[in-house]
Amino acid sequence: MTWSEYLCFNEHEKIARERVKIKTIITGATIVTMDEQNNVIPDGAIAFEDDRLTYVGAIPEELNQYDRVISAGGKVILPGLINTHGHAAMSLLRGFADDLPLKEWLETKMWPMEARFSNEHVKWGTYLAIVEMLKTGTTCFVDMYDHMDEVGQAVEISGIRGVLCRGAIGLGSQEEQKQKLEEAATFARNWHGAADGRITTMMAPHSPYTCPPAYIARFVDRAEALDLPIHIHMSETKREVEQNVRDYGQRPVAHLEQIGVFNRPTLVAHAVHVNDEEMDVLKNYDVKISHNPGSNLKLGSGIAPVSRMLQKGLDVSLGTDSAASNNNLDMFEEMRLAALIHKGAEQDPLAIPAQTALNMGTRIGAKTVFLSDSIGSLEPGKKADFIILDFEQSHLQPAFDVISHVVYAASGKDVRDVYIDGKQVVSHGVCLTVDEERVMYEANRVIREIM
Ligand SMILES: [Zn+2]
């Protein structure tokens, strides 16, 4: 029995996941396109065939050409949300260690537990995260972790889209470093383009504070050889920046620039402690930024200067980081936090408007994971990755302004249906591709074994 067979609910859903070239149109919903003009189409329609959107607009007069017509009155359709930084398997450690600063949290709590993780832990932890993400409207996620073949398989089976990388901490022996680098490169090469193209890969030295410069440089060389982007944590805490200056005489941005990291397309996570000059450097190299407001707040790391970054034209998207430092993977919450905390920090209610927060969770998200040609907005020709929200609920009425409700009033629990690559993966809030009950059972089993 293959995993696919084992995890699927039944024959019906297995068939539903297979490629079927039928023309489907969903009508009557409010379509939030997130195209360049941020067009919102009230009482609109969205059509797709196979994995691609074929039509987005007003309800066409002729519906005969479609094999399947789905009526979605009172619903809102959005592009799937894009979570641009995380460590999925760490969902096993949700609530295991709270209320600590990053250094203590990592060194005394996370790393000792993670050192005991086997393939099985990563498998079930990742499924746990994927089910949560799918049910809360995330259709594409970035994952930086270990045992990545398990993650690749979970992405393949669950139907989600993943931008995956084997994250390497280079604090061990030369031999250990070399092994991790080879693992990272092999994974990146083997899985790039896998799962019908739903998986892309990056090369990921964990951070400047866990990897010596020469080791980061080797990752850059490999990324160059494989023509892949780099993903790295950077300037998450003040302490990290000070340590970088102490150890290498430079702040992290100059340090990574000197190593040559930014010569590759790069996505940095956090960038909480970056000054004006550093933002200019990042902009010069078109470095992409994953802003993780929930995790940064919880670990007391600080508040990234996001509105300044946006003023400078940097692409800033949103990530949850892991459920161990968040403690959920609901991207609606990250959008809301992004829209709120900068207003408070800057005492400016215009700092990050709702529309900007939604851009960060969708269209800019796609840009920062180098997939803007295929996802991030609802436009003909793009992938049919979209989510349907039920707006006929008291907390979402009256619906004067859909964007406002999506960012300030909705949550992932309002997601009803999810489609990725034109295949339905969530229906009426139930994940079709993965057996959620079994995943919860196995996740509890494997983590309790090592507690
Ligand atoms: Zn992280």
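Reader: Which way does α13 pass α14, left-handed or right-handed?
Author: The crossing of α13 past α14 is right-handed. Keep in mind that this is a predicted model.

Reader: What's the angle, and how far apart are the axes?
Author: Helix α13, residues 331-346, packs against helix α14, residues 354-361, at about 140°. Their axes are 9 Å apart.

Reader: So what do I call that, oblique or roughly antiparallel?
Author: Oblique. Roughly antiparallel would need an angle over 145 degrees, and the angle here is about 140°, so the two helices count as oblique to each other.

Reader: Which residues meet there?
Author: From α13, Met331, Glu334, Met335, Ala338 and Ala339. On the α14 side they meet Ala354, Ala357, Leu358, Met360 and Gly361.

Reader: And by class? How many are nonpolar, polar and charged?
Author: The contact of α13 with α14 has eight nonpolar residues, one polar and one charged.

Reader: Changing topic. How is the chain divided into domains?
Author: Domain 1 takes 3-80 together with 375-436, and domain 2 is 81-368. Their centres, taken over C-alpha atoms, are separated by 27 Å.

Reader: How many residues does each domain put into the contact?
Author: Domain 1 gives 33 residues and domain 2 gives 37.

Reader: On the domain 1 side, which elements give two or more residues?
Author: Those are α1 (3-7), α16 (402-409), β16 (415-420) and β17 (423-427).

Reader: Which one gives the most?
Author: α16, with five residues.

Reader: What's that side like by class?
Author: The side of domain 1 that touches domain 2 has 18 nonpolar residues, 10 polar and five charged.

Key:
Residues numbered from 1 in each chain as written. Predicted model: local features only at pLDDT ≥ 70, side-chain atom pairs only at ≥ 80, totals over all residues. Domains from an automatic or database assignment. Contact = placed C-beta atoms within 7 Å. Helix = DSSP H or I, 4+ residues; strand = E, 2+ residues; numbered from the N terminus. Nonpolar A, V, L, I, M, F, W, Y, C, P; charged D, E, K, R; others polar. Axes fitted to C-alpha atoms, helices over the stretch in contact; angles between N-to-C directions. Parallel < 35°, antiparallel > 145°, perpendicular 65-115°, else oblique. Left-handed = near helix turned anticlockwise from the far one by under 90°.
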